[in-house]
Amino acid sequence: MTPARSIPLLLFVLVWLSTGWFGSWEGNPNNATRLFAAIELVERGDARIDDWAPLTIDKAVFDGHVYLDKAPGMTLLALPAVALADAVTGDRATGIVRSVGDTRLDRFLKLRLRLAAITVPALLTAIAAVLLYDLGLALTGRAAAGLVAALGYALGSPIWGLSTTIMGHAAVAALFVIAVWALARAATQGRGVPALLGGAALGYAVVVEYQAVLAGSAIALWAVWRLRGHPDRVRLLGLAAAGGIAGLMPLLAYNLIAFGTPFRIGYAGVQGFEGMQQGLFGLGMPRLFVLFEIVFGDRRGLVWVAPILVLAMPGLVWLAEDRRGKDIGLVAIAVVMVGLLVNAAYVYWDGGNATGPRHAMAMAGLFALGLAPFWSRLRHGWQRMATVGLLGLSIAINLMIAAAEIFAPPEYRFPLWSAVYDLRFRHGDLRTIPSDWWGWTTWHGLWLYLGLALPLLALLIAQVRQQEVRRGSS
C-alpha cells in the first residue's frame, strides 16, 4: 500500500484507538442526562427521565415531567449503542435500583456510555482527523504539515478527553471540520454529494449544540462566498441547504416526541441554574477577563492543556495571507473567534467540572488547521524539533487528561496538576478498557495502550517521511 493510502488509514486507526481506549465518568451530569434520555427513548419510546431525575442536576421540567435540558443530538446518536447493549446483555433499566453507588446501575450505565462514546464522538474525531490531514496536505502540499495539524487537534488538545464523553463539544468540532472539508471539495470539484454532506454536518451540529448555529453560520456564509462564481452554484447551494435542513430534522422529531411540539427546547425549562434565564439562555456580552481566563487562566486556560495550539494562530494568519488558502484561513479564524467570544459571553463560562475551556473546544479542529501552514514555513531543523517537542508535550498532557480526568472539579486551582495528575493520574486512578472490563490493573491498561499506539505512531511517521521523500524527488 502506498503512503498516500496508508497514512489516512493509520491516522484513523491511531485516533479511534486512542479516543476509544479511555473512558469518562458515567455519573457526570452532562453524560448522565443525555444517557438517561437515550435509555428511555430506546426502552419506552418516551423522552421523559422522571425516574432518573434524582441522579442528575442537569434537567428540565415541563408540565410536571423531567426531561433532558440539553440539545438532543448526542442523545439521538447514542440510541444505537443503547439498543445494542440492551440486545446483547438482555439488561433493561426496569428493575435496576436508581441509586448513586449501586454497582449494577454503575455497570449498566458505564457499558452504554462507553459504547456510545466509541461509536459517536470517538469515531467522528477519527474521521475529522483524517479530513484535517487532507486539508492540511491540500493547502501546503506537505504530508507532515497535515499530520501535525491532525495530531494537534485529535490528540494534542482536550478533544481527546472530550471524545470519551457524550457531551457535544468533540462532535461539533468534528462536524465543523467535516463541513469545511466537504464544502471546499464541492466548490473545487463541483460534486453534489460533498455539498449535501457539508450542509448536513452544519445542520446536525446545531442539533448537538444550539450555539453551533453561530460559528456554523460563518461557515455557511463562507460556502456561499466560495461558490459565488461557480457555474453550478445554484445546484450546489441548493444541495447544501437541503443537507442542512435534513440535518435539522432530528431536532424537530425529538421535540415532537418529547414535548408534542417542534418549537420547544429543553433549555427553556432548566432547573437549578438561574443564570440560564439571563440574556439568550445564559449568553450575554463577552467579558474581557473571562476571555483572558479561557486562554491563559490557571483554571481553564487553553495554553496549559493544549500548548501546541499557541502555534496555530500565526499559522491561520499566514494561511489567510496565502492566495491558495486565503478564504479557508479566514473562515477558520472566524470560527475560532466565535468560539472564544461565545464562551466568554456565557454565564457559566468555566463549564463546572471540566479540564480546559470545554465550551470553546468546538473550534479546536479548524484552529488546529493553522498548524499545517505553520509547519510548512519552518526552514530549520531546530524549529521543526521544537515544534515536534511541543506537540509531544501536548499529546502527553492530553493522554493524562483522557486517561484520568476530563471533568476536573471547579474548586481546584491549576487543575491540570492538582486534580488530574496529583489527585488521579499518579495514583493510577484511570479508566481504560482492560481495567474496566477485563480485570486488569489501570497501569497495565495504560501500558497496553502505549504498546499498541506507539508502533502505530512510528509507522505513521515513517509513511509520512516516505511521502515527503517522494514529494522532494518528484
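This is a predicted model: local features need pLDDT of at least 70, side-chain atom pairs count only at pLDDT 80 or more; totals for chains, interfaces and linings use all residues.
**Stop 1: helices α5 and α8**

Select residues 121–140, helix α5, and residues 169–189, helix α8. Two packed helices are described by the angle between their axes and the distance between the axes. Here the axes come within 8 Å and cross at roughly 35°. The crossing of α5 and α8 is left-handed.

Now show the side chains in the contact. On α5, pick out residues including Pro 121, Leu 124, Ala 128, Leu 131 and Leu 135. On α8, the contact residues include Ala 170, Ala 174, Val 177, Trp 181 and Arg 185. Which kinds of residue make up this contact, nonpolar, polar or charged? The contact divides into 14 nonpolar residues, one polar and two charged.

**Stop 2: helix α10**

Select residues 212–226. This helix, α10, has 15 residues. From its first C-alpha to its last, α10 reaches 21 Å, close to the 21 Å expected.

Color its buried residues: Ala 212, Ala 215, Gly 216, Ala 218, Ile 219, Trp 222 and Ala 223. They cover an arc of only 150° around the axis, so they sit on the same side of α10. An α-helix has 3.6 residues a turn, so residues three or four places apart point the same way.

What covers the buried residues of α10? The cover includes α8, α9 (192–208), α11 (233–259), α15 (326–345) and α16 (364–368).

**Stop 3: Ala 246**

Stay with α11 and select Ala 246, which is found in that helix.

Note on methods. Residues are numbered from 1 along each chain as its sequence is written. Side-chain values use heavy atoms; hydrogens and water are left out. Axes are lines fitted to C-alpha atoms, for helices over the stretch in contact, and angles run from 0 to 180 degrees between N-to-C directions. Helices (H or I, at least four residues) and strands (E, at least two) are DSSP runs, numbered from the N terminus. A crossing is left-handed if the near helix is turned anticlockwise from the far one by less than a right angle, and right-handed if clockwise. Contact means heavy atoms within 4.5 Å. Ala, Val, Leu, Ile, Met, Phe, Trp, Tyr, Cys and Pro count as nonpolar, Asp, Glu, Lys and Arg as charged, and the others, Gly among them, as polar. The expected span of a helix is 1.5 Å times one less than its number of residues. Buried means under 20% relative accessible area, exposed over 50%, partly exposed in between (1.4 Å probe, protein chains only). The arc is that of the directions from the helix axis to the C-beta atoms.
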